[in-house]
Amino acid sequence: MHEGLSFEEFASSRARKLFQVAYLMCGDWHQAQDLVQTTLAKLFAVWGRLQRGGQTVAIDAYARKALLRTYLSHRRLRRSGELAVAAIPDRPTGEHREGTELRLTLVAALRQLPPRGRAVVVLRYLEDYSIEAAAEALGTSVGAVKSLNTRSLARLRELLADDRELLFRK
C-alpha cells in the first residue's frame, strides 16, 4: 500500500477483518461492533503518529494489538450480567444448516473459555500467529502462551466431545 493511506481508507478496508476477530473473541455481535469502533477510535487518535512510519503492515499489527487489548480491558472492567441459556431457540433450516450449526457450536464453545484463553486460540488459529507473536501481542511470556493454548484446546475438546459427529461429518 502507498504511504498516503488515509484513516478512512484504512478503516473501511480493515473493519470487516477486525470485526471477525472481535466476534470470535467475545462471541457477541453487538459487543464485537463496539470493540471494533473503540479500536478504530483509538487508532484515529494516534493516526498521525502511525503514519510517520509509513508502513501499513505495522499499522495492521497495531490495530490487531489495540483490538486485543480493548477486548481484554473490556472483560476486566465489565463483569457479564448476561444469562447463559442451554440451547439457542431458533435453528436454521435448509442446505446451509450444517455449516451454521458447526459455526454456532464452535462459537458457543469459544464463549466458555476464559478471555485470555479465547484470545490465544483466536490469535493462534484464526490469525495464524506464531507462539512468539501471540506472546508479544498478549504482553506475556512464550511459556504462558503455550500453557494457555494447551489448556484452552483441551477445554475445547472437552466441550465439543458431544458434537464430534457434527464436527467430523463430511
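Buried means under 20% relative accessible area, exposed means over 50%, and partly exposed lies in between. The model shown in these views is predicted.

**View 1. Lys17 pairs with Glu127 in a salt bridge.** Lys17 has 39% relative accessibility, so it counts as partly exposed. Glu127 has 13%, so it counts as buried. The closest N and O atoms of the two residues are 3.5 Å apart. Lys17 sits in helix H1 (residues 7–26), and Glu127 sits in the loop between H6 and H7. The pair therefore ties together parts that are 110 residues apart in sequence.

**View 2. Arg64 also forms a salt bridge with Glu127.** Here the closest N and O atoms are 3.8 Å apart. Arg64 belongs to helix H4 (residues 56–77), while Glu127 is in the loop between H6 and H7, so this pair ties together parts 63 residues apart in sequence. Arg64 counts as partly exposed, at 29% relative accessibility.

View 3. Arg155 is partly exposed, with a relative accessible area of 31%. Glu158 is exposed, at 54%. Elsewhere, salt bridges with shared partners join Lys17, Arg64 and Glu127 into one network. The structure holds 4 salt bridges.

**View 4. Helix H6 crosses helix H8.** H6 covers residues 115–125 and H8 covers residues 142–159. Their axes come within 9 Å and cross at roughly 95°. That makes H6 roughly perpendicular to H8. From H6, the contact includes Arg116, Val120 and Tyr125. From H8, it includes Val145, Leu148 and Leu156. The contact residues divide into 7 nonpolar, 3 polar and 2 charged.

**View 5. Helix H7 packs against helix H8.** H7 spans residues 131–138. The angle is about 105°, and the axes are 8 Å apart. H7 is thus roughly perpendicular to H8. Ile131, Glu132, Ala134, Ala135 and Leu138 in H7 meet Val142, Val145 and Lys146 in H8. This contact has 6 nonpolar residues, no polar ones and 2 charged ones.

**View 6. Confidence is lowest in helix H9 and highest in helix H2 among the elements of the chain.** H9 (residues 164–167) has a mean pLDDT of 56. H2 (residues 29–45) reaches 93. The mean for the protein chain is 82, and 78% of its residues reach 70 or more. Where pLDDT is low, the predicted coordinates should not be read in detail.

Note on methods
Residues are numbered from 1 along each chain as its sequence is written. This is a predicted model: local features need pLDDT of at least 70, side-chain atom pairs count only at pLDDT 80 or more; totals for chains, interfaces and linings use all residues. Side-chain values use heavy atoms; hydrogens and water are left out. Axes are lines fitted to C-alpha atoms, for helices over the stretch in contact, and angles run from 0 to 180 degrees between N-to-C directions. Helices (H or I, at least four residues) and strands (E, at least two) are DSSP runs, numbered from the N terminus. Angles under 35 degrees count as roughly parallel, over 145 as roughly antiparallel, 65 to 115 as roughly perpendicular and the rest as oblique. Contact means heavy atoms within 4.5 Å. Ala, Val, Leu, Ile, Met, Phe, Trp, Tyr, Cys and Pro count as nonpolar, Asp, Glu, Lys and Arg as charged, and the others, Gly among them, as polar. pLDDT is the predictor's confidence in each residue, from 0 to 100. A salt bridge is a side-chain nitrogen of Lys or Arg within 4 Å of a carboxyl oxygen of Asp or Glu. Buried means under 20% relative accessible area, exposed over 50%, partly exposed in between (1.4 Å probe, protein chains only).
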